[in-house]
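Welcome, and thanks for taking a look at this one. Please have the chain open in your viewer as you read.

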Amino acid sequence: MLDDPRTVRVSGDDTAAVFRRVEDADAESRPDDYRGKPVPEAYVWCNLTSGNGSRALWLLLLPFMVVNLAHWMRPNAVRRSRTVRLYGLLVRLVGLTLTVLFAAAACEVALDLTAWQCAGTAACGARRAWLGFLAVDAHGDGGWWSLPGRRLALAALVPTALMALLWYLSHRTWSAYESQLPLPHQSEPDDGETSTALGRPGFWYGRRLVARLRAAHSAAGLLTVAAAVGTPAARHDRAPGGPAVLDALGWVLVGALLAGVVAVVGVVAHRGRDESTLDVTLDRALVRLLPYAALLLLALSMLYAGWSRPGWRSAGRLPGAFGISAFGGIALAEGALVVALAVVATLIHRKAPDPRAALRGLGGPATAMLACALGGVMTGGIAQRVADWLDGTSGLIDGPPVLLSWQASVIPPLLVVLAVLCGALTLRTARLKKRETVRVALDYHLYDRPGAAGEPADPTRTQRIAGTRARATLTDRAPLLIGAVSSVTLLLGGLAVAGAWATGQVPGTAAEGTYSVVQGAADTAQALGSWLIGFGFLFFVTWGRRAYKDPAARRTIGILWDVGTFWPRAAHPFAPPCYAERAVPDLTWRMATWTRTTGGRLILSGHSQGSVLAAAAAWQLPPSVRKRVGLLTYGSPLERLYGRWFPAHFGPAALAALHRQVDCWRNLYRRTDPIGGPIGLPGACGPVVDHPALPDPLAYGRTAQHPLPAPILGHGDYQADPVFAEERARLLARLRPGVPQPRPAAGAPDAEPLPEGPQGSSGRSSG
């Protein structure tokens with residue numbers, strides 16, 4: 001980034017830091033040597049997304065991250081209305097169902113498949129030596145732990161440990177990444193209302209909401225485990241002739257569980273984010289009481305289930321809170337919430353239509369549906385694979401609930417739809433490539449016949465450039481792909497729940513006696529779906545394992561985290577941590593303190609995701625500091641990705657306001673870049689900000705400046721283009737020569753004018 005092997009860290013730590021070249025380390029102490037010359041420095045934040053190997057394990061939290069993205073994809077609204085608050089509430093409830101789904105899946109594996117079915121079947125338990133102390137013999141008898149309730153109570157330690165791990169990771173990552181206080185906001189004479197929430201004082205500090213959500217989700221997971229342990233015993237006690245005392249205790253347990261559910265939902269629904277002020281308070285009583293109360297209820301459920309019940313035997317699948325009713329209820333709740341979210345998003349979008357918004361404002365609901373689908377693949381995959389590992393093809397146990405087989409069976413038709421869409425996009429790209437071939441010839445002044453003016457055409461070279469340009473436009477078709485996949489997933493998921501509830505059998509068995517075509521399709525979908533859902537889970541595990549050991553693979557996953565973890569955790573506390581809650585305060589503190597100390601001016605230069613951080617940091621600056629800042633963005637997804645998918649925060653109005661609030665702004669892009677693009681401000685502002693598309697490659701053929709074939713750079717190496725240095729020099733020259741001095745503190749004497757330090761500083765944040 002600094003184009004020099006000799007660098008020194010001037011501020012920061014091993015996670016994120018500001019670096020300079022060695023000779024520039026003390027530039028402020030030698031102002032005469034740097035008068036009229038910029039001081040380049042680089043903010044390096046890659047360790048926030050792809051640092052040590054533990055980042056790879058965040059793949060298992062992918063559904064939580066995706067649903068958190070849906071929260072920030074809300075359409076732009078004229079004002080903060082009830083529908084806006086309802087949108088946030090619905091996304092938080094979708095996130096809560098994902099936590100319950102993960103806890104239920106852990107209970108399915110540990111309690112149902114292992115403790116109830118396998119350990120309760122003599123033949124299955126005999127095949128697993130480590131289940132010997134839990135297993136029953138051929139007569140249904142065994143040791144002290146072999147009673148069904150005690151097996152369930154012991155197995156409940158596994159999902160309980162999972163919830164404890166998620167709580168610990170959420171708490172630890174908050175302390176490591178998101179606990180940095182933003183730059184204090186002080187009122188200034190020209191401090192107007194910001195055009196985006198990203199400029200509000202409390203936007204990058206969500207400690208209070210994350211703590212509340214962490215307590216609620218932890219309690220929800222523990223209550224799910226308590227229901228899985230206690231309700232089978234309560235159902236047994238309600239049978240005729242059962243013990244009256246235990247029956248009464250069972251009803252008390254069910255009532256306590258329902259009260260806990262109401263409390264959890266109330267905490268999630270009570271309040272959202274408070275961004276207007278820097279809220280450093282913490283609801284300590286609630287944060288501690290809710291998880292501890294759920295943990296106490298779980299302990300009482302384990303004690304209740306472990307009580308001796310002569311004659312109680314485990315048979316079939318786990319009764320009570322599990323089976324079709326549990327997973328079907330979760331699926332129905334997710335589907336209903338996504339549909340309601342789509343209705344609310346449509347209402348918001350109609351009040352302030354934005355033609356550039358992805359899916360006409362439905363990007364958030366579509367993304368929430370994908371989060372639910374990812375959660376289903378991961379949880380269903382692990383249940384299917386564990387059942388195969390315990391039993392194989394022996395048929396000794398009943399296996400997972402039939403709904404999971406129905407859900408797995410919808411994967412093959414979904415993949416068919418996806419293949420059709422990809423084929424249509426391939427044809428469209430091929431047609432666009434033909435049109436781009438003509439444009440390449442015009443851009444490089446090529447000729448295909450002797451004697452014509454220009455440069456001779458090379459068909460292979462032309463096809464390669466045109467193909468790169470055509471493929472770069474696929475990014476703009478992503479909304480169509482995601483919208484179609486989400487819609488089909490919602491429809492097929494509803495059919496799967498209906499089929500499981502209506503038949504109570506797996507698809508292949510339910511289709512017996514129908515038309516041979518239907519039966520063959522059902523058998524094929526069930527078999528393929530079982531393998532595909534297991535493969536999906538194994539893919540996550542192996543990809544995470546490879547990334548844990550391979551830094552190159554970890555950097556690839558880091559690209560996914562660049563977008564996914566940019567936003568604060570507002571919908572799910574167990575999502576991977578938000579790196580921008582560390583990076584944005586770092587940048588704002590650095591810029592504010594440097595300009596106040598030196599009286600200098602600076603160019604904030606950002607590539608790719610770094611340009612998004614640059615914009616977010618600029619919005620957080622006081623107006624007096626912001627007017628000393630110029631922006632240079634290149635390969636920037638500010639409009640192409642963020643403006644379309646997050647219109648409430650990076651819409652046209654917000655970006656136009658940013659252009660007015662900073663001193664100057666210039667944006668560079670290429671037609672071969674699949675990520676970066678123009679900012680596209682309306683009116684005369686557009687050409688002022690956007691430089692015409694840079695040629696890529698720099699030269700078509702061999703020239704004196706490029707004797708060897710110039711590469712097609714696409715999204716990378718913008719600094720190799722001479723325009724980069726020219727535009728940076730032009731921005732430095734355009735910055736106002738007169739710099740407003742820092743205001744004295746209240747009650748303090750007027751400060752002496754600061755000496756004008758370096759004429760400009762170029763800070764670069766690279767994505």
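Below is a short tour, from the whole chain down to single residues.

This is a predicted model. The chain holds 26 helices and nine strands. Of its 767 residues, 53% are buried. Among contacts in the chain with a separation of 6 or more, 81% are between residues 24 or more positions apart.

**Helix H13 against helix H14**

- The H13 and H14 crossing is right-handed.
- On the H13 side, the contact involves Thr429, Leu432, Lys433, Glu436, Thr437, Arg439, Val440 and Asp443.
- These meet Thr462, Gln463, Ile465, Ala466, Gly467, Arg469, Ala470 and Arg471 on the H14 side.
- By residue class, the contact of H13 with H14 has six charged, five polar and five nonpolar residues.
- Thr426 also belongs to H13, and it counts as exposed because its relative accessibility is 54%, with the cut-off for exposed being over 50%.
- The C-alpha atoms of Thr426 and Leu474 are 9.2 Å apart, although 48 residues separate the two along the chain.

**Helix H3 against helix H7**

- Two packed helices are described by the angle between their axes and the distance between the axes.
- For helix H3 (residues 82–118) and helix H7 (residues 207–237), the angle is roughly 35° and the axes come within 9 Å.
- The crossing of H3 and H7 is right-handed.
- H3 brings Arg92, Gly95, Leu96, Thr99, Val100, Ala103, Ala104, Cys107 and Leu111 to the contact.
- H7 answers with Leu213, His217, Ala220, Gly221, Thr224, Val225, Ala228 and Val229.
- The residues of this contact between H3 and H7 comprise 11 nonpolar, five polar and one charged.

- Where do the residues of strand S7 (residues 629–634) sit, buried or exposed? Six of the six are buried, and the strand is mostly covered.
- In a regular strand the side chains alternate between the two faces of the sheet.
- In S7, Val629, Leu631 and Thr633 point one way, while Gly630, Leu632 and Tyr634 point the other way, and all are buried.
- Strand S6 (residues 602–607) runs parallel to S7 and is joined to it by six bridges. Within this pair, His607 is opposite Tyr634.
- S7 also pairs with strand S8 (residues 664–668), again in the parallel sense, over five bridges.
- Helix H24 (residues 652–661) is mostly covered, with seven of its 10 residues buried. Those buried residues are Ala654, Leu655, Ala656, Ala657, Leu658, His659 and Gln661.

- Strand S1 (residues 7–12) and strand S2 (residues 17–21) run antiparallel, joined by five bridges.
- A hairpin of four residues connects S1 to S2, and Arg9 has Phe19 in S2 as its bridge partner.
- S2 pairs with strand S3 (residues 38–44) too, in the antiparallel sense and over four bridges. Arg20 has Glu41 in S3 as its bridge partner.

**Backbone details to check**

- Most residues other than glycine have a negative phi, and most peptide bonds are trans.
- Leu359 has a positive phi, near 55°, and is not a glycine. Leu359 sits in the loop between helix H10 (324–351) and helix H11 (363–391), and its relative accessibility of 25% is why it counts as partly exposed.
- His445 likewise has a positive phi, about 55°, without being a glycine. Its place is the loop between H13 and strand S4 (446–447), and its relative accessible area of 57% is why His445 counts as exposed.
- Which peptide bond is cis, with omega near 5°? The bond from Asp696 to Pro697 is the one to look for. Pro697 lies in the loop between helix H25 (685–689) and helix H26 (722–734).

Definitions and conventions. Residues numbered from 1 in each chain as written. Predicted model: local features only at pLDDT ≥ 70, side-chain atom pairs only at ≥ 80, totals over all residues. Heavy atoms only, no water. Left-handed = near helix turned anticlockwise from the far one by under 90°. Helix = DSSP H or I, 4+ residues; strand = E, 2+ residues; numbered from the N terminus. Contact = heavy atoms within 4.5 Å. Nonpolar A, V, L, I, M, F, W, Y, C, P; charged D, E, K, R; others polar. Buried < 20%, exposed > 50% of the residue type's maximum accessible area, 1.4 Å probe, protein only. Pairing = 2+ DSSP bridges. Axes fitted to C-alpha atoms, helices over the stretch in contact; angles between N-to-C directions.
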